[in-house]
Amino acid sequence: MPFLPQGLTPQMDNRGDKRPAGNDSFSTPPGTHKKSRPSSPEKTGEGTSMCASETAAINIRNARRIMAKIKHRLNGYKNEDNPTKKLIEYVREDISKLDISIKKKTTVGVFGKTGAGKSSLINAILGEKDLLPSGTLCACTSVIIQVGANVTDSNYTAELEFISKEEWDAELETLLNVLSEDGEEKDGALFNTANEKITALYGEDGVFLSVEDLKKDEHFTNIPEFLKSKIKKIVCEKASDLSDEIGCYIQHDDSRPGESYWPVVKTVTIKVPNCKDFLEHVVLVDLPGTGDYNKSRDQMWRMKLRDCSTVWIVSEINRAAADRDAWEIVSSSITDMAQGGECSSLSFICTKTDDLNPQKYMKASKLKDDDFHITPEDPQYGNKKKIACIMHRNGKAKEKVKKQFLQQDTIKKHFDCDDNFLSVFTVSSEEFTKEDPILNQEQTEIPALKDLLRKYNINHINETTHHYISGALGILSLIQGSKESDAKMMVERSKLYATLERDLHQALGHLHEYCHEIKSSLQALLAKGASESEEKGVETAKEVIMSSRHQTLTALCKNDGFFRAKKGVIDLNSSLARPMFQHINSEFSEFFPTASSTQPLYTRPSHLTPPEKDRKSNIHTCKHVRKAYKKRNKTGKRKASAKERRASDETRRNPAEGVASSGAGFVKERKT
């Protein structure tokens, strides 16, 4: 086994030689108790959440500092023997992977039709009434907007990513073809989108220009970043100023033709100060429900969808129970969200709960004042009646949405829909931001959504910290093991290495058998599905083609068989492959389950029941591998001592302390 060169010992910091070894412990600071991941937002107080997140941040910051010192020391060893060189490269690569892993954030996808109140909802959650523009303007339907926390300063920033000039030139030709078509082949929705794009960028006369004239760079002098394929960054001190600056990049304004640049914008990433406690490791992504001819934007949309850990469906409360479009968007994207993505929960958010006429509502619902225990003589009669009606309708809406969810067979087939999978909220952004509201903040349910985001934030911190510190502990253990030079220890290690190698090969053999069973099972099901898909292929293609206009078919061809139209997603590929998916969906979900956000970090399929020690350590193992473990235990191999078992259990319970003790051991060894 290779050795690292002598002297490769990470110091805890610049004072490592002068202080006691235990000073750099990663244990919880005095006076702070350890906090497990919350099971629900109601049980997570803001103060406690901050305490837990600060402790985790300290732990991971210290671990990263140790890893950075190790990586720096490794750079000084370039002419070592081959085994040592391989080990150094392995450790350096592992540290780089750990650093990359902590940069990923939890993504919350926000679905909803134009006018559903998405912008107002996000503004209310952020506590910024004038950040995302909404209201009288015609909202753009193709730009992806991402909102996260600015943790570096107090500014409001936006980063704009454009499509390439080559992509736009290619799209221009398609747009002009759409505008030139007439008669029965004309698709009104696509025609309007094409007209809006040309008018937005080139003005009202743009539709009369030739393709060659429209491709000239002189039209884009106000956005040089687009021509250079660079990111445009906007920094403002106030939210309202940023809103004014980004308006022309995310919305279509009929009153300013030629001054809107959203047709060439792919994504806008906004960062807001003063929301670190719930958005530091979470990003809200406003996912447009409809698309256009641009292939790269559709690819970006699907990529963001796969990244979503959870999805929020936003709909006005007066149509939430019957809003088939919202459910259809989710159902049509199920493959990207479940089998190809990370989604593990849904939240249905009913907006505009304050938009209600009490008299009409009580008449329609056959309610009387006595039902709400109010009387006209009460000075607050009007407000109390409206509040009572709002809360009554909220309760009914939640019941209806939950009943409607039970009918979503497509969603239920792909997810483990336990009691925590669907959450329903009834919110009023208007009442939450009013100076004289009739609803209190809790009744608007905006605080409940912020608590949900805090839960996501803390879960992300805990999972990232666990992953990073466990990885760091493994790296430190590897280095420490490679430095041992005692002859007796070397003999013991050689024996242990041989035993582990033999058992690992045996376990891998069983694992390969099990994986082969999975592969064979899926292949057999796919073969049946492929035959059925082949038989129904022409019929299925005709159904898609006959129900689509010529312009829609053109969009399908341009986007490789995928198009997000106003009536929903049209996916010719998925339609043709539907029998294949239907045959493997059940088995695939069983073999590769999607963990919910409230479940442990590692989960297992229902048909695999690990032994008690595996449950305690949260390890997901295959039944065949466990058989190998049990077989080895029966051969009379040496069992770990009580002291060793206690140390191992302690490391599993608090890997941060394990890293600290290993780091402290290195400092002590260096002193010796």
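1. The side chains of Thr426 and Glu445 are joined by a polar contact of 2.9 Å. A polar contact is a pair of N or O atoms within 3.5 Å; within protein, one must be able to donate a hydrogen and the other to accept it, and residues adjacent in sequence count only if both atoms are side-chain atoms. The side chain of Thr426 also has a polar contact of 3.4 Å with that of Asn394.

2. The model is predicted: local features need pLDDT of at least 70 and side-chain atom pairs pLDDT 80 or more, while totals for chains, interfaces and linings use all residues. Residues are numbered from 1 along each chain as its sequence is written, and side-chain values use heavy atoms, with hydrogens and water left out.

3. Thr426 belongs to strand S11 (residues 422–426); strands are DSSP runs (E, at least two residues) and helices likewise (H or I, at least four), numbered from the N terminus. Thr426 counts as buried because its relative accessibility is 0% (buried means under 20% relative accessible area, with a 1.4 Å probe and protein chains only).

4. Beyond neighbours within four places in sequence, the residues in contact with Thr426 include Ile317, Cys350, Thr353 and Lys398; contact means heavy atoms within 4.5 Å.

5. Helix H4 (residues 165–180) and helix H5 (residues 188–202) have axes that come within 9 Å and cross at roughly 125°. Axes are lines fitted to C-alpha atoms, for helices over the stretch in contact, and angles run from 0 to 180 degrees between N-to-C directions.

Notes: Buried means under 20% relative accessible area, exposed over 50%, partly exposed in between (1.4 Å probe, protein chains only).
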